[in-house]
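Thanks for coming. I'll go through one structure, starting with the ligand and ending with the question of confidence.

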Amino acid sequence: MASVKQVSEVSAVEIRPMHELDVPVVVAIERSSYQFPWSEGIFRDCLRVGYICRVIEAGSDIAGYAIMSIGAGEAHVLNVCVREEHRGRGLARKVLLYLIDRARSAGMYEAFLEVRPSNVAAARLYHSLGFEQVGVRRGYYQAANGREDASVLRRMLAVEKK
Ligand SMILES: CC(C)(COP(=O)(O)OP(=O)(O)OC[C@H]1O[C@@H](n2cnc3c(N)ncnc32)[C@H](O)[C@@H]1OP(=O)(O)O)[C@@H](O)C(=O)NCCC(=O)NCCS
């Protein structure tokens, strides 16, 4: 029975464009999810420059969001975040599959993202979707005791790069 409930919960979810009016809620989720959150200005800049900014709507709730840039054959997933009480229901997987599809439709060949090696949940999520480590950015992230490296992950989107 539990799996039936989970499927209906996920199917009741909508992925829609993020609007300026959503930013305060998005920032609140960001602040409650990350030790070093993005500022409100960063979200507004992402909207202004036309990045693919989406919110995950579950009922009347914004359950999470995702942001991706595309260009020059590459997609870059810049942020994926699900509000704590909505985690473990497949929402991050759903929004990432949506972004992968968008990137592929836009003609991108590969998708990249960075993740903290200490972020086990996110790393497992990305690997389960076919992302593989292709590099390390030394000291990329702020951390409680200085800096933390970023693993750079890539997923191919098209059969062949021309
Ligand atoms: C990482 C995050 C986005 C996952 O969101 P979510 O909606 O709970 O993830 P999903 O339910 O779609 O899970 C998909 C897969 O991710 C992995 N995963 C998710 N949560 C996990 C956890 N707590 N521990 C281990 N693996 C986990 C699993 O592989 C899972 O697949 P499974 O359910 O078949 O085992 C969420 O925990 C979050 O918002 N964290 C804070 C922000 C953040 O770290 N974002 C990523 C920055 S790189």
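Around the ligand there are 20 residues, and the closest are Arg87, Ala92, Arg93, Ala121 and Leu125. Keep in mind that this is a predicted model.

Where does the shell come from? At least two residues each are supplied by β4, which is 74-82, by α4, which is 91-105, and by α5, which is 120-128. Of the elements, α5 gives the most to that shell, with 6 residues. By class, the shell around the ligand has 11 nonpolar residues, 5 polar and 4 charged.

Next, a pair of helices. Helix α2 covers residues 23-33 and helix α3 covers residues 40-48; their axes come within 10 Å and cross at roughly 130°. An angle over 145 would count as roughly antiparallel and 65 to 115 as roughly perpendicular, so α2 is oblique to α3. The crossing of α2 past α3 is right-handed.

Which residues make the contact? From α2 they are Val23, Val26 and Val27, and from α3 they are Glu40, Phe43 and Arg44. Sorted by class, this contact of α2 with α3 has 4 nonpolar and 2 charged residues, and no polar ones.

Last, confidence. The chain has a mean pLDDT of 92, with 91% of its residues at 70 or more. Over residues 1-8, however, pLDDT stays under 50, and the model has 1 contact beyond four places in sequence for that stretch.

Conventions: Residues numbered from 1 in each chain as written. Predicted model: local features only at pLDDT ≥ 70, side-chain atom pairs only at ≥ 80, totals over all residues. Near = placed C-beta within 6 Å. Helix = DSSP H or I, 4+ residues; strand = E, 2+ residues; numbered from the N terminus. Nonpolar A, V, L, I, M, F, W, Y, C, P; charged D, E, K, R; others polar. Axes fitted to C-alpha atoms, helices over the stretch in contact; angles between N-to-C directions. Parallel < 35°, antiparallel > 145°, perpendicular 65-115°, else oblique. Left-handed = near helix turned anticlockwise from the far one by under 90°. Contact = placed C-beta atoms within 7 Å. pLDDT = per-residue confidence, 0-100.
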